[in-house]
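Hi everyone, thanks for coming. Let me put the structure up on the screen, and then I'll walk you through it piece by piece.

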Amino acid sequence: MTLDLFLLQTFTGLALGSILVLMAIGMSLIFGMLTVPNFAHGAFYMVGAFAGVVALRLTDSFIAAIIAAPLAVGALGMLVERTLVRPLYGRGVDYPIVLTFGLSYVMVEVIRILFGKEGIPFETPEFLQGAVSLGFGYFPLYRVFLIGVCVVVVGALYLCLERTKFGLVVRAGAADPEIVRVLGVDIRKVWMLIFGLGAGLAALAGLLAAPMRGVTAEMGIPVLVEAFVVTVVGGMGSLVGASVAGLLVGVVMSLTSLFSPKFAELSMFALMALTLIVRPRGLFGRPGHLG
Amino acid sequence: MTGQIVAPNMNRRTLLAGLGAAAFVPLAPSIVRAQSETIRIGFPVPLTGPFGAEAQDQVKCAQLAVEQFNAAGGVGGRMVELLVRDDKLNPGEATTRTLELIEKDKAHFIVGALAGNVQLAVNEVCKTRGVIYVSISQSDTINEAGTFSRFTFHEGMTPHMTTQAVGKYVFPKAKGKRVAFLAADYTYGHETLRAFKRSAQAHGMQVVEEILHPLGTSDFSTFFPRILAAKPDVLCICNFGRDQLNSIKQAVDFGVKKQAQIAVPVFLYAQRRAGSPAMFDGVVGGCNYHWTLEDSVPSAKAFNTLYRAKYSNTAPSDYGAYGYAGVSSLLAAVKKAGKTDTDAVIAAFETVELDTHKGPERYRKCDHQAIQPVFVVESKAQAQMRNEFDVFNIVHVEPGAEANLRSCDELGHKG
């Protein structure tokens, strides 16, 4: 076990974590603000990958696909919120769970009908192929790109939340939806945008993961669980929490794999259990959020 | 007046006619049966689940075998019927379906199963019911004394056969002696890992890294830094299905191909087609059948022609060929025996000389393993592909020979 190997493994964890961060931000915001545990989040991830395939076929540009696919799926997310989720507000947390759960099945089957059961090959775009030297070893260029995209997106979101009026409303809505409504802000429109944003981020994650893991109708299922774990560890409704937790889970899984691959997946749940025992609200969550 | 109470609208004449007709009823079915009782072959395969595509092709090819046999007259005028069932890749489900096939549908024989553990479940049922089972799944365990019974026949290749063939081709050509292994942590992964290591050691290779990954892993990135740090000259990846696709894809991303030759025990046609030529270029693996064999083997050409005639100009897959081979070999034995009586068919199976689709083949007596040619294939670059199905070059043919199997003694068979 050399320092080089350790650093390379940590970097691998950061790349792994980047996907988790994008998934968790969306889920955390939706859960934190709308109190909707979005069981369809994995399905949006998967649809994003397929939307990317279609966008790639139409434009032949990966960059165009990374912009178009999340926007398209984000719009789908807004539609879902407006038509399916909104009628269920005020009825407790069970209804949205069942709705999003069923929605995930429907989305998977529709994709299977449209694109078949075998999955679609997805190659790493030419300009991102190959490996770069990081000093302590060679690392796939694509994964470096992935980390970069994650940093840019999280940075942009942070600026949006901290510096814009919209961001102010979002933060206020997360802190206390009642008061925000009393102040005359149409919180429901904000919620629709948040849901769309979450779906769009999941779609981006799916598209970015496609060159590494392929594009199949079932690809969202394992990711959903991972997203929930990261959301719990980071704390609901916290952008910073989701980001930190995502990278932390990625690195922990990667380093555990170095010693025992069998326990790599388990390590994520062990971390979640530890968090729930020591700090139940998550690293950056608000206390008593679901009270 | 009394007649009116029993059957108001019937008179004595009708009653006598009815009784007379009824007397013949017990005789009628046996007259029908003796002339043309169909031979029923149960065919449980995983139609739903991740290997649905492979299983569908197995069904298509098995049906070809049945149609071909029936067109040639069947056995003593008796036609064959294929009873396809979905085992859902689950041993419990397979057990239920097999029991149903034997007891309710009165199947004479069972052919099938794709997954290792499912075939073992089917084998257990057939063992206790005394029904011949031809397995078309890969396994080392099914040959072993504890699992095997005289009703068990194994058309599929064994991990031992495939890894020895691939090792024989890959290890002497490697640029160095260091070999690393990445294997899926379940039966198939363990069996292929064990067999591959045996081959490696026989060729004087040094095992520098060995990693077991959980079945169904989607992200292999955490394993490659370790593998690369060990500086292997050959990387053997022992897994199946989607795992094969993802692990090779990610190995290539991490630059493994620049350092090492990637070898797999069985190179899956379906996964190769789901990936791209650039990604798989240069990867070597074992194979039970590739359609380009038609250029050199007449029975392959006959099989492909039959397939194309019915399924418009596509080509049979490797797993499809198993479906054809399992049923054809069984029917050849039935034809040799002349009847469906189990003992007669077993005796015929042990001595029948076959060439169903890829060259000479026969079954060994001690464990009923099919001694068959094993092919080593290398993935073709885009430029060399004649069409979308032309994905592999057959670089080496290991002809069928008992020496390529594990010995009867090693498997625990006495005598």
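Let's start with a pair of helices in chain B: α4(B) and helix α14 (residues 298-310) pack at an angle of about 100°, and their axes lie 11 Å apart. Axes here are lines fitted to C-alpha atoms, for helices over the stretch in contact, and angles run from 0 to 180 degrees between N-to-C directions. Angles of 65 to 115 degrees count as roughly perpendicular, under 35 as roughly parallel, over 145 as roughly antiparallel and the rest as oblique. So α4(B) and α14(B) are roughly perpendicular to each other. On the α4(B) side the contact uses C61(B), L64(B) and Q68(B), and on the α14(B) side L306(B), Y307(B) and K310(B). By contact I mean that the C-beta atoms of two residues, placed from the backbone, lie within 7 Å. Sorted by class, the residues of this contact are 4 nonpolar, 1 polar and 1 charged. For those classes, Ala, Val, Leu, Ile, Met, Phe, Trp, Tyr, Cys and Pro count as nonpolar, Asp, Glu, Lys and Arg as charged, and the others, Gly among them, as polar.

A word on what you are looking at. This is a predicted model, where local features need pLDDT of at least 70 and side-chain atom pairs count only at pLDDT 80 or more, while totals for chains, interfaces and linings use all residues. Residues are numbered from 1 along each chain as its sequence is written, and chains are lettered from A and ligands numbered from 1 in the order in which they are written.

The C-alpha trace of chain B spans about 105 × 45 × 40 Å along its principal axes. Of its 415 residues, 48% count as buried. A residue is buried if 20 or more other C-beta atoms lie within 10 Å of its own, exposed if 12 or fewer, and partly exposed in between, with C-beta atoms placed from the backbone. And of the contacts in chain B between residues at least 6 apart in sequence, 69% join residues at least 24 apart.

Next, find the sheet. In what order do the 5 strands of the open sheet in chain B come? The order is β2-β1-β3-β4-β5, and the pairing is parallel. Strands pair if DSSP finds at least two bridges between them. At the edges are β2 (80-86) and β5 (152-154) of chain B, each pairing on one side only. From one strand to the next, the twist averages 20°. Inside this sheet, 2 bridges join β1 (residues 39-45) to β3 (residues 109-112) of chain B, and G42(B) has I110(B) as its bridge partner in β3(B). Helix α6 (residues 116-129) of chain B packs on the sheet, touching β1, β3, β4 (132-135) and β5, and its direction makes about 165° with that of β4(B). Helix α5 (residues 91-103) of chain B lies across β1, β2 and β3, at about 170° to β1(B).

Between β2 and α5 of chain B there is a loop holding K88(B) and L89(B). K88(B) is not a glycine, yet has a positive phi of about 55°; L89(B), also a residue other than glycine, has phi near 60°. Buried or partly exposed: which is K88(B)? K88(B) counts as partly exposed because it has 18 C-beta neighbours inside 10 Å, whereas L89(B) is buried, with 21 other C-beta atoms within 10 Å.

Finally, let's bring in chain A. Here 29 residues of chain A are in contact with 25 residues of chain B. On the chain A side, α1, β2, α8, α10 and α11 (261-278) each supply at least two residues, and α1(A) gives the most, with 6 residues. That side has 15 nonpolar, 8 polar and 6 charged residues. Buried residues of α5(A) include Y142(A), F145(A) and L146(A), and among the elements covering the buried residues of α5(A) is α10 (242-253) of chain B.

Definitions and conventions:
Helices (H or I, at least four residues) and strands (E, at least two) are DSSP runs, numbered from the N terminus.
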